Amino acid sequence: MIELKEDEVQTVSGAVLPALALGLVGAYMYDAMGGKEGIDRYFRNSWDSAKSSINYWSGRARKAFA
């Protein structure tokens, strides 16, 4: 086993803390959105909204240029 110098320990510690924080934030967001079902619902609603907007604006464009 290799002994780490003080600056090497700080480098390792510095990399672990942000990764741990991101993991906790990600887990919180996953729970806050309702888990897999919540994320699936979010994407379904986003897709439906995008399709609706495309249909609306393409209809307006067709009327304007027809």
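**Helices, salt bridges and surface of a predicted model**

User: Let's start with one side chain: does Asp48 count as buried, partly exposed or exposed?

Analyst: Happy to begin there, keeping in mind that this is a predicted model. The relative accessibility of Asp48 is 39%. Buried requires under 20% and exposed over 50%, so Asp48 falls in between and counts as partly exposed.

User: How far apart are the closest N and O atoms in the salt bridge of Lys36 with Asp40?

Analyst: Lys36 and Asp40 are four residues apart in helix α2, which spans residues 35–65, and about one helical turn separates them. Asp40 is partly exposed, with a relative accessible area of 33%. A salt bridge needs a nitrogen to oxygen distance within 4 Å, and in this pair the closest N and O atoms are separated by 2.6 Å.

User: What end-to-end reach does α2 have, from its first C-alpha to its last?

Analyst: Helix α2 is made of 31 residues. At 1.5 Å a residue, the expected value is 45 Å, and the model comes close to it. From first C-alpha to last, α2 reaches 45 Å.

User: Nice! Which glycines are buried in α2?

Analyst: Buried residues make up 5% of the 66 residues in the protein chain. A residue needs under 20% relative accessible area to qualify. In α2, the glycines that are buried are Gly35, Gly38 and Gly59.

User: Turning to the surface, how much accessible area do Leu17, Leu20 and Leu24 have together?

Analyst: These leucines form a nonpolar patch on the surface. One of them, Leu24, sits in helix α1, residues 6–32, and counts as exposed at 58% relative accessibility. The accessible area of Leu17, Leu20 and Leu24 together is about 330 Å².

User: And what share of the accessible surface of the protein chain belongs to carbon and sulfur atoms?

Analyst: The protein chain has two helices and zero strands. Its accessible surface comes to about 6,200 Å². Of that surface, the share belonging to carbon and sulfur atoms is 65%.

Notes
Residues are numbered from 1 along each chain as its sequence is written. This is a predicted model: local features need pLDDT of at least 70, side-chain atom pairs count only at pLDDT 80 or more; totals for chains, interfaces and linings use all residues. Side-chain values use heavy atoms; hydrogens and water are left out. Buried means under 20% relative accessible area, exposed over 50%, partly exposed in between (1.4 Å probe, protein chains only). Accessible areas come from the Shrake-Rupley method with a 1.4 Å probe; for residues, only the protein chains shown count as cover. A salt bridge is a side-chain nitrogen of Lys or Arg within 4 Å of a carboxyl oxygen of Asp or Glu. Patches are made of residues with over 30% relative accessible area and no salt bridge: like charges are joined within 9 Å, nonpolar side chains (Val, Leu, Ile, Met, Phe, Trp, Tyr) within 5 Å. The expected span of a helix is 1.5 Å times one less than its number of residues.
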